[in-house]
Amino acid sequence: MPIRSQTFRGFIAAALPGMAMLAALQPAEAQAQGKRIFISIDMEGIAGAVTPNQISGTGIDYQRQRKIMTDELLAAIAGAREGGATEFVIADAHGDMQNILIEELPADVRLIRGSPRPLMMMEGIQNGRYDGAIFIGYHSSASNPRGVRAHTFSSARISEVKLNGVPASEGSMNAALAAQYGVPVILATGDDAAVEELAPVIPGAETVAVKRNIGFHAAENLVPAEAQRQIRAAATKAVQKSAQIKVAKAAQPVTIDLTFHFYRPAELLAYLPNVERTGARSVRWKSADMASAMKFMEFAMSYNVELQP
Ligand SMILES: [Zn+2]
């Protein structure tokens, strides 16, 4: 079990006022008592993003959009600091997972980038204790008829993902994974369809809708400065109340149903002893927990015998 910060803060409170003086004398020590936050940031749910022009590496607006994405991240970090956060691990979670402009980040954060990686959009959540997880720029699921660029993990390959029989979004899968490590989701942002879909799974969390979906490739957007103002304010509130937000019960074991757009991925995956063919384009597997389910999901989407180097 990860060590929860409430316990540590309770200990500090009991030891006051002597500890207060000690903290004042040792700023580094004082900083270590702040909250540690994990941020997973996607791109489809960033203000202004509506088509591959903004979210694909070769899109004509991509370089500008990754700056806006980085600015939404910076707004979340600044707001979280105002709420008492002192440590951040960020997982770049879109496409090839190398979108954030690393040189624009403050010196005291860590950025996880590149793929494939075992826990995908949540890589890093398994390392150490966190007081809360923040999802920025999220979109709705492949099972949702509404939402800008609605998909689950791969719009090119996957029609539907179910987690224990329930249609799942990236957000709901990632929240379930955070729960395994005792971490509550405290803030989620994206388009209105994404936050409406995710809200019931993350009760108590703050949400910010930075755009109103009109279609798969259309939305009414907040301008970046306003989206960032709202994200910053919500992040402050979210961190301030993080200790009151309940961690979801971790699902163990986990059953995943995965439906591809095409036939052959299902056919070949079903050669594996732990995978059951449930339809022409569908497979099912059971895992001991969310982390191993995610690892297999990454394998199912990334393995190719022609991989090199
Ligand atoms: Zn994405």
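Me: Where is Phe153 placed?
Reply: In this predicted model, Phe153 lies in the loop between strand 4 and strand 5 (158–163).

Me: What's the phi of Phe153?
Reply: It is positive, about 70 degrees, although Phe153 is not a glycine.

Me: Is Phe153 buried or exposed?
Reply: Phe153 is buried, because 21 other C-beta atoms lie within 10 Å and the cut-off for buried is 20 or more.

Me: OK, Met120 next. What about its phi?
Reply: Met120 is not a glycine either, and its phi is positive at about 50 degrees.

Me: Where does Met120 sit?
Reply: In the loop between strand 3 and strand 4.

Me: And how many other C-beta atoms are within 10 Å of Met120?
Reply: There are 23, so Met120 counts as buried.

Me: Switching to peptide bonds. What kind of bond joins Ser115 and Pro116?
Reply: A cis peptide bond, with omega at about 0 degrees.

Me: Where is Pro116 found?
Reply: Pro116 is in the loop between strand 3 (109–112) and strand 4 (132–138). Met120 is placed in the loop between strand 3 and strand 4 as well.

Me: What's omega for the bond from Gln308 to Pro309?
Reply: Omega is near 5 degrees there, and that peptide bond is cis.

Me: Which segment holds Pro309?
Reply: Pro309 falls in the segment after helix 10 (290–302).

Methods:
Residues numbered from 1 in each chain as written. Predicted model: local features only at pLDDT ≥ 70, side-chain atom pairs only at ≥ 80, totals over all residues. Helix = DSSP H or I, 4+ residues; strand = E, 2+ residues; numbered from the N terminus. Buried ≥ 20, exposed ≤ 12 C-beta atoms within 10 Å, placed from the backbone.
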